[in-house]
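Reader: I would like to learn how to read side-chain features in a model like this. Can we go through them one by one?

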Amino acid sequence: MSTILETSELPAVFDGVKLAAVAAVLYVIVRCLNLKSPTAPPELIYQDSALARFLLKSCPLLTKEYIPPLIWGKSGHIQTALYGKMGRVRSPHPNGHRKYLTMPDGATATFDLFEPRSEHCTGEDVTMVICPGIANHSEKQYIRTFVDYAQKNGYRCAVLNHLGALPNIELTSPRMFTYGCTWEFGAMVNYIKKTYPQTQLIVVGFSLGGNIVCKYLGESQANQERVLCCVSLCQGYSALRAQETFMQWDHCRRFYNFLMADNMKKIILSHRQALFGDNMKKPHSLSEADLGKLYTATSLMQIDDNVMRKFHGYSSLKEYYEEESCLHYLHRINVPLLLVNAADDPLVHESLLSIPRALSEKKENVMHVLPLHGGHLGFFEGSVLFPEPLTWMDKLVVQYANAICQWEKTKPHCSDAEQAVSGQE
C-alpha cells in the first residue's frame, strides 16, 4: 500500500520541480531583459532660457517617451550587442565620394562626402560634419543609416574615416587615430568650409567621436565659426576617470573592454609594416618590444599605454588621457551643445554622467539628454521583437539640428521682439 502511495506522489514532486525551474528561468529572463523597467521621457538637464524653451517646443522627442522593442529593448546589453554586431537593420547604401587629404606629417586622411537629396527645411545650405565611434568609418551600418536619413532631410554629410580604420586604405605615415587627436577632423572641416563658403555646420560625434568633436570645438574659438551646434552621443567625457571603471566587472565592462581591445589589436596589426617596420620613420619610443606587449594586451588601457600614446609623444598613460579628453574643453564651447547618454549604457559608468550634468546646470547653451534605455549607440525602436531601421537617436539628432537651424533663422526677430517688450515695460 505504501509503495502505491509513494508512486502516486512522484509525479507531483516532479511537477513541483518543473514549476520551480520554469519560475527560476522566467525570473532570470525578467531580470536580464529588465522587463519591469518603465518607459518614460528622457531626463533633461538644462537651464531655463529662450533657446531651451524653443527646443522643448520644436523637438517632441525630448519630451516624449522613448519606447524600445518590448521583449529585449530595455536591456542595455542587448541594445549594445545589436549595435556592435549588426549596426542597424536593413541599412541603406547612400552614394558618396571619397576625399583624400595629405596631413603635414605625411598621413593621408580620408572622408566621404554625401550631397543632400532634398531641400533643407530652412532653405539654407547646411552640412553635417560627422565623427564616428572608435575604429569606425563611413561604411559602418549605423553611419550609413544616419547619413541616409540626414540626406533626406536636406543635409550634406561629411563623414570622417578614422586613420587606419578602413581595411583597404594603407597608412602613409607611422600613425593611427587616437582617442582625442583632432587633426584629421579639423582638416575635413576646413575642406568643407573652403569648398562650400556659404554652408553652415552641424557637428556630430558618436562615442569616441563625441570626445573628438567636443575637444576640437573647445580647442579654439575659430573652430566654432560657422558652426550652428554640436551633438555628442554616448561618449564618456574623461578617459582618465573611465579608466578605473572600465576594468570593473559590473555590467560586464571588463568583458566589453576585452572585446574592444581585441578589435583594436587586429587593426593595429593589419598596419604592422607601416607602424613597426624599418622602412618608415617610427614614432619615438615605439619599438619591437611594444609590438610584443601588444600581442598580450587584454585591455584598451594596455594598448593605449604601449602603443597609442606614443604616436603623439606622451610620457605616460595619465598624461595621454588628460590631454586627449574633452573634459577640459567642454566649458569653452559656446554654440548650442546637445549631450546624449543612456542610463543603461554598459560602457559608460554612471559616475561619468556627473560631467555633462554639471556642465548643463552651468551653461545655457548645453542640454543633457538621458533616456532610461538605449544602451551604447543602440536606441532601437520597434513594437515587440523586430527593430525598425531608423533609431530614436537618428531621429533626435536630425530633429535637434532642424530646430537649431530654425532658431538661428528666427533669432534676430526674436531678439527684436524681446527688446521691444523690454522698452514698453
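**Rings, charges and faces**

Author: Phenylalanine 185 is buried, with a relative accessible area of 0%. The model is predicted. Buried means under 20% relative accessible area, so phenylalanine 185 falls under that cut-off at 0%.

Reader: Which aromatic pair does phenylalanine 185 form, and with what geometry?

Author: Ring centres within 6.5 Å make a pair, and planes over 60 degrees apart count as edge-to-face. Phenylalanine 185 pairs with tyrosine 216 at 5.3 Å centre to centre, with 80° between the planes, so the pair is edge-to-face. Phenylalanine 185 sits in helix 5 (residues 183–195) and tyrosine 216 in helix 6 (residues 208–219), so the pair ties together parts 31 residues apart in sequence. Tyrosine 216 is buried too, at 5% relative accessibility.

Reader: How many aromatic pairs are there in total?

Author: The count comes to 13 aromatic pairs. One of them joins tyrosine 66 and tryptophan 392. Their centres are 5.5 Å apart, the planes make 40°, and the pair is tilted.

Reader: Where in the chain do tyrosine 66 and tryptophan 392 lie?

Author: Tyrosine 66 is in the loop between helix 2 (50–58) and helix 3 (76–85). Tryptophan 392 is in helix 14 (residues 392–424). The pair therefore ties together parts that are 326 residues apart in sequence. Tyrosine 66 is buried, at 2% relative accessible area, and tryptophan 392 is buried at 1%.

Reader: Which residues do ring pairs link into a cluster?

Author: The cluster holds Tyr83, Tyr142, Phe146 and Phe206.

Reader: Which charged residues lie over rings?

Author: Look for the charged end above the face of a ring. Arginine 88 has its charged end over the ring of phenylalanine 380, 5.1 Å from the centre. Arginine 156 lies over the face of tyrosine 196, 3.7 Å from the ring centre.

Reader: Why do the buried residues of helix 2 line one face?

Author: Start with the general idea. An α-helix has 3.6 residues a turn, so residues three or four places apart point the same way. Now the case. Leu51, Ala52 and Leu55 are buried in helix 2. Seen down the helix axis, the buried residues fall within an arc of 95°, so they line one face of helix 2.

Methods: Residues are numbered from 1 along each chain as its sequence is written. This is a predicted model: local features need pLDDT of at least 70, side-chain atom pairs count only at pLDDT 80 or more; totals for chains, interfaces and linings use all residues. Side-chain values use heavy atoms; hydrogens and water are left out. Rings of Phe, Tyr and Trp (its six-membered ring) pair if their centres lie within 6.5 Å; planes under 30 degrees apart count as stacked, over 60 as edge-to-face and the rest as tilted. Helices (H or I, at least four residues) and strands (E, at least two) are DSSP runs, numbered from the N terminus. Buried means under 20% relative accessible area, exposed over 50%, partly exposed in between (1.4 Å probe, protein chains only). A charge sits over a ring if NZ of Lys or CZ of Arg is within 6 Å of the ring centre and within 35 degrees of the ring normal. The arc is that of the directions from the helix axis to the C-beta atoms.
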